[in-house]
Amino acid sequence: MLEQMFIEARSQPERPHSQYEVVWLPVLDRSTTWNETKRKQFEALQQQMPWYSVYEPFQLGPAVIRYIKEVWHFNKKALIVVLDPQGRVVNPNAIHMMWIWGSLAFPFSSTREESLWKEESWRLELLADAIDPLLYTWVSEGKYICLYGGDDMEWVRKFTLALRGVAQAAKIQLEMLYVGKSNPRVKVRKNNTTIVVEKLSHVLQDTTLIWFFWARLESMWYSKEKHGKSVENDTIMQEIMAMLSFDRSDQGWAVISKGSAELVRAKGDTILPALIGFDSWKEKVGEIGFVPALNQHLSANRTPHHCTPLIQSWTPGIIPKRMICAECGLPMEKILVYSCCTD
């Protein structure tokens, strides 16, 4: 994703948004044995990068690496630290704002990040960005758009067929796009194939885009958290938290939008019964519109008991002391989980 941004910037060097360079600092554990095999692996990776890089890892001295770890808080996950023309750090990690806004984030400073959030609202373009060019076409055509996910194929079948039936009954133009789960393993890839074969909806053919959809949402959370926002004081944060909790649950979910800003979201165990019981709220569609009518029905039938898990791999140093549920507003219980793999 960074390479795509960088190449775009180099192709239009006269643009103000292109006035930056990237330098890769390859931080390697000093205990690593440096041999011919490791050198070839490093050079192969280096040659894939279109930007500058330190010639070899051991040119970074121990004091530099200690500074990167202690001051810049580097710990395995890649950082993009931004320096201004005077060499001053203006953003300790711009990777999140780059994922959210791309080149619009230039000059990638914390001040620019804060100003971009002030201009934002919870809308389809913020949620989905450009993961599929068809999204903008559907918006311009005034169609209803449904993004949905989960890895339970049986639920996917029931949901897509029910929603298609409701769309026909409500006489609305609707398009559906499957975005899977944040870790698109074999099950999600199989679902993609099945959905295409059975013509249930559109899919993201490149699973990297599925990963990126969820990576952007996590980036939104980190970016908002850095600027002191939470579920308690920020509506966009509430929606981000709800989406991340949907992904971490073991059931499907859906977001239905009309145009850019009219959105409704729900977990699988509430959206599917609402669609099956369409007759009970279809009259409201003619009065207030499909999305408001669905939202009204879901709100009226929300069960008081629920479990909204949020399993997150936190960046060291910013683990929140208190988390609030995006659904009910109550404090969430903190549970420690150990994981043996990161794929």
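Predicted model: local features only at pLDDT ≥ 70, side-chain atom pairs only at ≥ 80, totals over all residues.
**Strand S5**

I took buried as under 20% relative accessible area, exposed as over 50%, and partly exposed as in between, with a 1.4 Å probe and protein chains only. Six of the six residues of S5 are buried, so the strand is largely enclosed by the rest of the structure. Helices (H or I, at least four residues) and strands (E, at least two) are DSSP runs, numbered from the N terminus.

Next I checked the pairing of S5. Five bridges join S5 to strand S6 (residues 174-178), and the two run parallel. Strands count as paired if DSSP finds at least two bridges between them. Ile145 has Glu175 as its bridge partner in S6.

**Numbering and limits**

Residues are numbered from 1 along each chain as its sequence is written. Local features need pLDDT of at least 70, side-chain atom pairs count only at pLDDT 80 or more, totals for chains, interfaces and linings use all residues, and side-chain values use heavy atoms, with hydrogens and water left out.

**Helix H14**

I listed the buried residues of helix H14 (residues 290-300): Phe290, Val291, Ala293, Leu294, His297 and Leu298. Seen down the axis of H14, these fall within an arc of 165°, so they line one face of the helix. The arc is that of the directions from the helix axis to the C-beta atoms.

I then asked what the buried residues of H14 pack against. Their partners are strand S5 (144-149), helix H8 (153-170), strand S8 (253-258), strand S9 (262-267), helix H12 (268-276) and helix H13 (282-288). Contact here means heavy atoms within 4.5 Å.

**Phe58**

I found Phe58 in the loop between strand S2 (52-53) and helix H3 (62-70). Phe58 is partly exposed, with a relative accessible area of 25%. Not counting residues up to four places away in sequence, Phe58 touches Leu28, Arg30, Thr32 and Trp34. Pro26 is 32 residues from Phe58 along the chain, and their C-alpha atoms are separated by 8.7 Å.

**Cavity**

I searched on a 1 Å grid over the protein atoms alone, where a cavity is a set of points where a 1.4 Å probe fits but cannot get out, a pocket is an open set with protein on both sides within 12 Å along at least five of seven lines, and lining residues have an atom within 4 Å of a point. Grid points are joined across faces, edges and corners, and a volume is the space filled by probe spheres set on the points.

The structure holds one cavity of 30 Å³ or more. The lining of the largest cavity consists of Leu124, Glu125, Asp129, Leu135, Tyr136 and Val139. Helix H6 (124-128) and helix H7 (134-140) each give two or more residues to this lining, and H7 gives the largest share, three residues.

**Second largest pocket**

I noted about 610 Å³ of space in the second largest pocket. Of its 25 lining residues, Ile100, Trp101, Gly102, Asp129 and Ala130 are the closest to the centre. H4 gives the most to this lining, with four residues.

**Glu114**

Glu114 sits in helix H5 and counts as partly exposed at 41% relative accessibility. The C-alpha atoms of Glu114 and His227 are separated by 7.2 Å, the two being 113 residues apart along the chain.
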